[in-house]
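Below is a briefing on one structure, grouped by topic. The sequence and coordinates come before the notes.

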Amino acid sequence: MITREELRQLAQLDLPENSAVTFYFQPQTPQNKSHREEQIQVKDLVREALRRAEKNGNNPSVRADLKRILELAERLHGNHARGKGIFACSAKGIWREIDLPKRLKRTQLYVANRFHLRPLAAVAASAPRCCVALVDRERARLFELWLDEVREQAEIASPLPRTGRTDGFAGYDAGHNERHVENQAMKHFKNVSQRLQEMHNARGCDSFILGCRDDVWPQLEPHLHTYVKQKLLGRFGIDPAVATADQVREQAQRILEERNASEREALIREVVGSAQRNGRGKIGLRGVLEALEQGEVQTLLFGEAFYASGSECSNCGHLEASLPDVCPACGQSMRALEDVTDAVLRRALDANVGVVYIGPNPEFEKTGKIGALLRFRADQAKSGKIAG
Ligand SMILES: [Zn+2]
């Protein structure tokens with residue numbers, strides 16, 4: 001698992017030139033490719049990377065890291081459930097392996113000045129951490145969902161007192177018993193709600209999804225804390241007593257996907273719409289870079305189709321969409337970047353800016369493939385205008 005904080009740390013590392021080795025492994029299903037072919041593919045990538053590294057001067061750190069990746073690839077057996085990301089720079093004693101869901105585009109290997117984080121950011125940015133609670137009148141099962149992984153975290157049991165003829169008190173104040181049972185159930189629902197809030201605080205769950213039988217929902221809903229209601233993404237019908245983890249994942253992911261898709265749509269509409277009105281949106285690399293430097297960006301939107309060359313100042317880190325002779329900010333020399341995405345992501349993570357990954361989306365691609373929602377506009381704030 002990868003947290004935003006880890007991502008930020010990887011982005012911030014200052015590494016010696018051409019010694020950051022990044023490897024992404026996307027397992028193939030056996031129908032597509034045999035394990036052998038998979039290994040040959042990795043070997044080819046490593047050989048090619050070695051060849052290029054030699055051209056850039058012999059670098060023992062890179063050689064060692066590539067060799068280790070090759071060894072690791074030989075141990076990876078076919079038909080893996082998970083992908084992998086490796087971030088290595090033995091010159092600095094760094095070797096970080098991260099298990100990833102099988103959502104990478106392909107197996108890739110890079111040697112550069114810094115780690116290639118785009119695929120990792122794409123995976124992490126499109127997946128909030130979410131708590132799923134299955135609830136019935138006397139039990140609750142709490143799951144954590146992140147990416148493709150669902151884990152049962154806790155169980156709450158508040159058994160109801162048994163009532164009815166079998167308890168030997170036939171006829172004894174049945175009404176009293178019923179009220180007692182109702183009170184117990186109500187306490188249980190409140191307790192569950194409390195635990196959800198605790199999970200948010202302790203484990204950083206961004207949102208909640210509930211699963212329960214349809215007849216339980218009207219009893220449960222009134223007892224949810226306001227906070228839980230606000231962060232509730234949806235509910236699905238299920239019997240908690242017999243539900244499997246796979247069923248939970250399937251249902252919760254469906255709700256999450258729907259929710260994410262509609263949030264992304266709304267964000268794109270807002271950014272594209274207000275960029276045209278000169279408001280809180282910026283579209284296109286030039287505008288986004290400016291806004292990042294001004295500290296205006298609240299959320300960065302980067303599209304799947306976004307690739308652009310640019311340049312970076314070797315002295316102050318200033319980014320440009322073009323390649324000027326000298327840095328407009330400090331006058332030092334600029335370094336060409338084949339793809340500026342990693343540099344832009346690093347800037348965004350440094351500034352604690354939200355990053356949203358936009359998958360295939362014709363509307364967004366038509367307008368510029370990269371965009372930003374701004375907190376404010378520096379120019380308009382100065383002149384006292386309110387951005388809209
Ligand atoms: Zn500069």
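**Briefing: burial, ring contacts and metal site**

Phe208 has a relative accessible area of 0% and is therefore buried (buried means under 20% relative accessible area, exposed over 50%, partly exposed in between, with a 1.4 Å probe and protein chains only). The model is predicted, so local features need pLDDT of at least 70 and side-chain atom pairs count only at pLDDT 80 or more, while totals for chains, interfaces and linings use all residues. Residues are numbered from 1 along each chain as its sequence is written, and side-chain values use heavy atoms, with hydrogens and water left out.

**Aromatic pairs**

- The structure holds four aromatic pairs (rings of Phe, Tyr and Trp, the last by its six-membered ring, pair if their centres lie within 6.5 Å; planes under 30 degrees apart count as stacked, over 60 as edge-to-face and the rest as tilted).
- One of them joins Tyr24 and Phe87, which is edge-to-face because the ring centres are 5.8 Å apart and the planes stand at 85°.
- Tyr24 belongs to strand β1 (residues 20-25) and Phe87 to strand β2 (residues 83-89), so this pair ties together parts 63 residues apart in sequence (helices, H or I with at least four residues, and strands, E with at least two, are DSSP runs numbered from the N terminus).
- Tyr24 is buried at a relative accessible area of 0%, and Phe87 is buried at 0% relative accessibility.
- Phe208 and Tyr227 form another edge-to-face pair, with 6.3 Å centre to centre and 75° between the planes.
- That pair links distant parts of the chain, with Phe208 in strand β8 (residues 207-212) and Tyr227 in helix α7 (residues 226-230), 19 residues apart.
- Tyr24, Phe87 and Phe115 are linked into a cluster by ring pairs.

**Charges over rings**

- Arg68 sits over the face of Trp95, 3.8 Å from the ring centre (the criterion is NZ of Lys or CZ of Arg within 6 Å of the ring centre and within 35 degrees of the ring normal).
- Arg118 lies over the face of Tyr307, at 4.0 Å from the ring centre.

**Zinc site**

- Cys313, Cys316, Cys327 and Cys330 coordinate the zinc ion through their SG atoms at 2.2 to 2.3 Å (donors are N, O and S atoms within 2.8 Å of the metal, or 3.2 Å for Na, K and Ca; water is not among the atoms, so sites may look incomplete).
- The site is tetrahedral, with angles of 99 to 118° among the four donor atoms (four donors count as tetrahedral if all angles lie between 85 and 135 degrees).
- The donor residues follow the spacing C-x2-C-x10-C-x2-C in sequence.
- Cys313 lies in strand β12 (residues 310-313) and Cys327 in the loop between β13 (319-320) and β14 (334-337), so the pair ties together parts 14 residues apart in sequence.
- Cys313 counts as buried at 3% relative accessibility, and Cys327 counts as buried at 2%.

Note on methods. Tetrahedral: all angles 85-135°; square planar, octahedral: opposite > 155°, others 65-115°.
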